[in-house]
Amino acid sequence: MRRTKMILALLVAMAAWSAETGTLLKIDTLRAEPYGDAKTVATFAVGDKVDILKKSGGWLQVKGTKGKGWVRMLSVRTGAASKKGSAASGLLDLASGRTGTGKVVATTGIRGLSEEDLKAAKFNETELKLAESYATSAVDARKFAAQGKLAARKVDYLPAPQ
Amino acid sequence: MNTIMKRLGMAALVLACGAVRGQTLDEILKKAVEQKVQQQTGNDISGLLTGVSQDEEIAIGRQIAGDLLGAAPLVKDAKLQKYVNNVGRWVAAQSERPDLPWHFGVIDSMDINAFAAPGGYIFVTRGLYRLLTNEAQLAGVLGHEIGHVIKQHHLKLLQQSRMIEMGGKLVTKQAGDNESVQKVIGSGAEVAARSLDKGAEFEADRIGVVLGARAGYEPYALPEVLQLLGHFTANDSSVALLFKTHPLPDARLDKLGLAMGDTFDRIKGLPLDKRFYKLK
């Protein structure tokens with residue numbers, strides 16, 4: 001029993017530790033629901049800090065000194081700009097329910113791909129033919145989409161913002 | 001290009017003969033060339049480069065792809081490579097060039113980057129692939145690269161640096177290392193290390209979002225990847241080339257946010273995290 005409690009406490013601590021933070025990149029509105037016309041809870045200023053609770057489409061549910069609600073994902077810089085080498089955990093893990101699980105750690109013997117590497121590169125016919133052998137036909141691509149229940153739909157190209 | 005020059009030349013002659021006061025022939029010619037260049041580099045979908053045939057485009061891309069694979073070979077995982085081709089081909093099918101011979105691959109480098117070569121050769125590094133957690137994000141990344149291909153951004157870059165001799169002199173045999181094509185693209189895969197202008201990157205981001213959404217995926221998947229890229233510091237060597245050749249993630253998110261607005265508030269899509277092929 002005691003042990004279960006300890007594990008529980010540890011799990012709670014881990015969850016708190018792995019909660020992701022965000023910083024407002026621009027002035028935006030904190031809303032009650034994840035919709036542009038939902039009730040306004042507060043207005044964020046650039047640099048406001050929030051805790052990210054969850055994600056839905058283009059919206060993040062956040063909590064901070066200005067209250068709890070939803071803000072557009074693209075107005076928030078997630079995480080701290082201090083990750084190094086390892087893949088980032090956080091928002092995406094959160095989105096896929098993997099919060100707090102195995103961080104990817106860079107392996108040794110890393111092959112870089114610098115400007116110099118690219119300039120010095122020599123044509124590799126064998127690898128190219130191998131790459132070409134994996135091509136998918138248009139028909140097979142449609143089958144693959146159908147297996148994933150992906151349906152094509154009409155969406156217009158976005159003009160460049162003014 | 002020859003025909004364009006002929007046409008421009010004739011237009012200039014007509015103008016010059018037609019007593020255009022106060023303008024020298026040079027000025028008239030310059031203006032005509034500028035207009036033509038504007039037309040060619042403008043944003044309209046029909047603005048494919050004239051003077052480079054699709055076969056040449058593919059031959060150039062194939063040479064760059066072979067060079068790139070010389071720098072970093074494929075990850076030796078046939079299921080992964082097939083999966084990436086399935087996703088990529090489905091996304092490319094939503095573009096206005098569905099019938100290019102599209103090829104996709106994951107290359108064995110821990111650098112975080114992705115590359116597009118003319119004619120539809122697209123590669124993602126193992127380092128970038130490992131950051132992704134669902135198929136929609138992969139579709140968004142591939143969609144960005146497909147954007148470069150359909151807008152011929154790299155082909156235009158080569159043309160601007162006068163590396164492409166316009167007028168159909170390229171040999172387009174499909175087999176093997178192609179010397180004359182290599183001359184066009186410079187040393188190795190250096191074109192893959194060159195920066196496009198920022199506008200081209202922002203445009204590819206918008207195209208990536210739209211193609212992913214057209215394909216049925218969650219439209220905010222590409223912005224998720226950009227947010228992930230924002231977690232890396234600029235002095236991290238694994239993102240050095242990516243950050244050198246692209247606008248920084250914050251700027252890309254800002255521009256993409258402005259372009260997306262509330263358009264996608266009610267367009268949901270699938271993330272497909274269960275089907276996403278995980279790299280060991």
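Helices are DSSP runs of H or I at least four residues long, numbered from the N terminus. In this predicted model, one such run in chain B is helix α4, which spans residues 78–92 and contains K82(B). K82(B) has 17 other C-beta atoms within 10 Å and is therefore partly exposed, since a buried residue would need 20 or more and an exposed one 12 or fewer.

Chain A comprises 5 helices and 7 strands. Read from the N terminus, the order of its elements is α-β-β-β-β-β-β-β-α-α-α-α. Of the 162 residues in chain A, 30% are buried. Among contacts in chain A with a separation of 6 or more, 47% are between residues 24 or more positions apart.

The contact between the chains involves 65 residues from chain A and 83 residues from chain B. On the side of chain A that touches chain B, at least two residues each are supplied by strand β7 (76–78) and by helices α2 (91–95), α3 (115–120), α4 (125–133) and α5 (138–147). The largest share, 6 residues, comes from α4(A). By residue class, this side of chain A consists of 35 nonpolar, 14 polar and 16 charged residues.

Definitions and conventions. Residues numbered from 1 in each chain as written. Chains lettered and ligands numbered in written order. Predicted model: local features only at pLDDT ≥ 70, side-chain atom pairs only at ≥ 80, totals over all residues. Contact = placed C-beta atoms within 7 Å. Nonpolar A, V, L, I, M, F, W, Y, C, P; charged D, E, K, R; others polar.
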